[in-house]
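Here are my notes on this complex, point by point. Please read them with the structure open.

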Amino acid sequence: MTAEVLTVIEIATALIIFLLVVVLILQANKKTKKESRMREEEAKYKMYEIAVLNDLNDKIGYSLDVQGIAETIIGSLNQFIDYSVASYILLFPEKIVFKAHLEKVVSRKFIDTVKEKMIDSASLILNANLKSIRLEETINGATVNEKSNQPVKSFFNIPLEISGKVVGILTIADARSSFFQEVEMATLYKIVKQASQAVTTLEGVVAAENSKLNAMVASMTDGVIMTDKDFRILVVNPAAKKALGFENKKELSLIDFANGLAGKIDLKDKVEESVRIDKTFVSEEISLQNSFFKIIIAPVRDSWKSLGSVVVFRDITREKEIQRIKEDFTSMIVHELRSPLDSIKKMIEMMRATEMKKDKRAECFQMIYSSSSDMLELVNNILDVAKIEAGKFDLKKQPSDIKELIKGRILFFDIAAKDAKVNLTSLLGKDIPNNVEFDPHTISQVLNNLISNAMKFNKENGSIIVQALMHKNGESIENEAKDAGIDWFIKNDMAAVEDSLVVAVTNTGPGIAPEQIGKLFNKFFQVKTEFAQKGGTGLGLAITKSIVESHGGTVGAESIQGQGATFYFTLPINKNISN
Amino acid sequence: MEEAKKQYLSLLSEVVAAAVIIFGSDMAISRARSVASLVLNSNGNVVDIKGYAADAAQELINKYLELSGQSFKNIVDLVFAKYPQIKKVY
């Protein structure tokens, strides 16, 4: 091979190498440019994603506004992709909201096709026929022009899912075939997913708070119904259902309640009027299911925006009963004061009008004294009750002998008992200490009340026995009475009662009906009993109860109708015994 | 063509058809085409599967589940119910 040939081969080789290097450089350059373009595209989508999410945060913030999310995404869409129509549907129980933003002029048919595809998507997801549901339509942006006869050739739907439930569909459509790129669609899916997750999280927080609120509303004794601005019931508590006898109904509408209240109040009209004129209504007393209610209807507003209304069923049955009892009580007190006052007035008139013999005058003075004493006792009782209610009933405890106190009271009532033809005696346990700490003045008042009641409600030639004995916790009081030589007839099991001194006053009167025994020590309900019919305010037993309870003891009563009644009280020894 | 593959082709065509309704044709077809082992015709029907049918089905369904989890799963459950011989792959 000649040197010339070798030179040509070398030149050709060098050229080939040079060309290869050039091609490699060009390819690398092309690849770099492609990668650069891809990075630019990626950056563009990322920037858009960040911008839209920021925008969503600014506009929607911490709210559950799914419509706001759809509006914000559609509002920014033209910065990101080219399209003809962006639209959304939101699904509500009674309607579908459809909104379309026309970026380009399209025909009515184009819009209807988009709408149909969205409804089909939602229907398949929810496995429901949504075509018959009322649809509210809003269209904005470019004009609708029938001359534009371009059909829908590209579209994609993004289901709007909140807490795992589809609440709407977002759709982007275009008249060009296979127009949208996967990366564009994926970016929008990502944005919607992030926004939906934020709403879902917030909805979880709100649901937890709602659950607390619902538990609170459910436990309220007043009936509560809350409605939204379209008067659909959002919350109804058991008390509201009970007020109208709807305890077993699960699905309730405002119409159900309006029907239940027909003829008493026009609930639907009042609720609507309350929201319309922003005013609270309070009904007259309404009788429902053997109870009395006042119905309060109030609008619920957030700043200037109406959120709905609240209906409260306020049960005033107890208030009415208390009011009636108080009125009865006042009438009784007035009557009890008027009788002795009337007697005093008549005595004085008689003494002024006629010349009286000395013994007759003395009799009149005795009657005036007796009547004024009755009034004073009544006033003292009322003052005692007032003190008890005000918590100002002071005890002056001191080591005292209950046996001496009982003997003293027997002596005090001896003449009155003889006048009433009643045999008054006592039976006292031998082991009763003489240094039990109690207030002798108030316990004396207790014994006075019990003995005077026993006389008042006894039969002629009847008897009263005042008994006292010591009781040990866990022991049978009947056995304790037997050991003490006491004839005990209280059947109540007192084994659980702590170590106590027990005092009982038993009469042989007509007895008390079982249903009235529980009410005897109540200062208001007592006025209904037979005691009231026989005269007296009945306050004595209420005062007795308060005095004994102030000593840490209990009061009780037992009766066998036709045979008599026993009233007893206990004074705990551990608290009241003196060292 | 073996019966099992026929069933898979039919099932996957139904899955794609449901996805077209739910996500729209652009997204549904784009996702289906991104599964390399599937061959789709111009109507979006799955006409061939290269490789293991179960793997292809799993890949396709996962791509749709990424878009809408529970909603699409409910639909796929209904489709799979029609093909008791095919084991669920998601």
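1. Gly552(A) has a positive phi of about 90°. The residue sits just after helix α16 of chain A. This is a predicted model, so the angle is a computed value.

2. Now the helix itself. α16(A) covers residues 539-550, 12 residues in total. From the first C-alpha to the last, the helix reaches 17 Å. That is close to the 16 Å expected at 1.5 Å a residue.

3. Is α16(A) enclosed or open to the outside? It is largely enclosed by the rest of the structure, because 10 of its 12 residues are buried. A residue counts as buried here when 20 or more other C-beta atoms lie within 10 Å of its own. The buried residues run from Leu539(A), Gly540(A), Leu541(A), Ala542(A) and Ile543(A) to Thr544(A), Lys545(A), Ser546(A), Ile547(A) and Val548(A). Note that Lys545(A) is among them.

4. Next, a strand with partners on record here. β1(A), residues 85-91, is mostly covered, with 6 of its 7 residues buried. β1(A) runs antiparallel to β2(A) (residues 95-102), and 7 bridges join them. A hairpin of 3 residues connects the two strands.

5. β1(A) also pairs with β5(A), residues 165-174. This pairing is antiparallel too, over 6 bridges. In β5(A), Leu90(A) stands opposite Gly168(A).

6. Turn to the interface. 14 residues of chain B are in contact with 19 residues of chain A. On the chain B side, the elements giving two or more residues are α1 (3-23), α2 (25-33) and α4 (69-81) of chain B. That side divides into 7 nonpolar residues, 6 polar and 1 charged.

7. Last, the confidence values. Chain B has a mean pLDDT of 90. In chain B, 99% of the residues reach 70 or more. For the complex, the predictor gives an ipTM of 0.90 and a pTM of 0.51. Please quote both scores when the complex is discussed.

Conventions. Residues are numbered from 1 along each chain as its sequence is written. Chains are lettered from A and ligands numbered from 1 in the order in which they are written. This is a predicted model: local features need pLDDT of at least 70, side-chain atom pairs count only at pLDDT 80 or more; totals for chains, interfaces and linings use all residues. pLDDT is the predictor's confidence in each residue, from 0 to 100. Helices (H or I, at least four residues) and strands (E, at least two) are DSSP runs, numbered from the N terminus. Two strands pair if DSSP finds at least two bridges between them. Two residues are in contact if their C-beta atoms, placed from the backbone, lie within 7 Å. Ala, Val, Leu, Ile, Met, Phe, Trp, Tyr, Cys and Pro count as nonpolar, Asp, Glu, Lys and Arg as charged, and the others, Gly among them, as polar. The expected span of a helix is 1.5 Å times one less than its number of residues.
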